[in-house]
Amino acid sequence: MSHRDDLVEFADEDATPPALPAGAPWKVAVIDDDPAIHEGTRFALYDYRLAGHGLELLSAHSAREGRQLLAAHPDIAVVLLDVVMETDDAGLQLVDHIRNELKNE
């Protein structure tokens, strides 16, 4: 398996996050068909800050909604994605869409 085939890539821990406009939050997409995941993520991250910026959690409850969310918000910094949603590989198909159609690695 080549590096390009990895499903998870970790950023260099010493890397400086990209600059955001003053006061702008980091956008995080939560794409999962389980409402409890959305609730738990909001509870766990409600006051999290990175480099002086909070988080804006955006929700999608299916791969289809995820595609729409990503199209509407091309500045999403992180995607928390369930692999198995409406089909066994809906999340994997969405990863393919993100990488190959949106050209966002």
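Modeller: Asp-75 is partly exposed, at 47% relative accessibility; here buried means under 20% relative accessible area, exposed means over 50%, and partly exposed is what lies in between (1.4 Å probe, protein chains only). This is a predicted model, in which local features need pLDDT of at least 70 and side-chain atom pairs count only at pLDDT 80 or more, while totals for chains, interfaces and linings use all residues. Residues are numbered from 1 along each chain as its sequence is written, and side-chain values use heavy atoms, with hydrogens and water left out.

The side chain of Asp-75 meets that of Lys-27 in a salt bridge, 3.1 Å from N to O. The term requires a side-chain nitrogen of Lys or Arg within 4 Å of a carboxyl oxygen of Asp or Glu, and by this rule the count comes to 1 salt bridge. The two residues are 48 apart and link distant parts of the chain: Lys-27 is in strand E1 (residues 26–31), and Asp-75 is in the loop between helix H2 (63–72) and E3. Helices (H or I, at least four residues) and strands (E, at least two) are DSSP runs, numbered from the N terminus. Lys-27 counts as buried because its relative accessibility is 16%, whereas Asp-75 is partly exposed.

Of its 105 residues, 28% are buried. Contact means heavy atoms within 4.5 Å; among contacts between residues at least 6 apart in sequence, 63% join residues at least 24 apart.

The largest nonpolar core has 12 residues, among them Ala-29, Ile-31 and Ile-76. Such a core is a set of buried Ala, Val, Leu, Ile, Met, Phe, Trp, Tyr and Cys residues joined through side-chain atoms within 4.5 Å. E1, E2, H2 and H3 each supply at least two residues of this core. In soluble globular proteins, nonpolar side chains tend to be buried together. Ala-90, one of the core residues, is in contact with Ala-63, Val-83 and Met-85, leaving aside its neighbours within four places in sequence.

Val-83 lies in the loop between strand E3 (78–81) and helix H3 (90–101) and is partly exposed, at 35% relative accessibility.

Another loop, between helix H1 (35–45) and strand E2 (55–60), holds His-53. With a relative accessible area of 12%, His-53 is buried. Its C-alpha atom is 6.5 Å from that of Ala-24, 29 residues apart along the chain, and the His-53 side chain reaches the backbone oxygen of Ala-24 at 2.5 Å. Beyond its neighbours within four places in sequence, His-53 is in contact with residues including Leu-20, Trp-26 and Tyr-48.

Ala-51 also lies in the loop between H1 and E2, but counts as exposed, at 55% relative accessibility. Ala-51 has a positive phi of about 55 degrees although it is not a glycine. Most residues other than glycine have a negative phi. Lys-103 likewise has a positive phi of about 55 degrees; Lys-103 is in the segment after H3 and is exposed, at 65% relative accessibility.

Notes: Polar contact = N/O pair within 3.5 Å; in protein donor to acceptor, adjacent residues only side chain to side chain.
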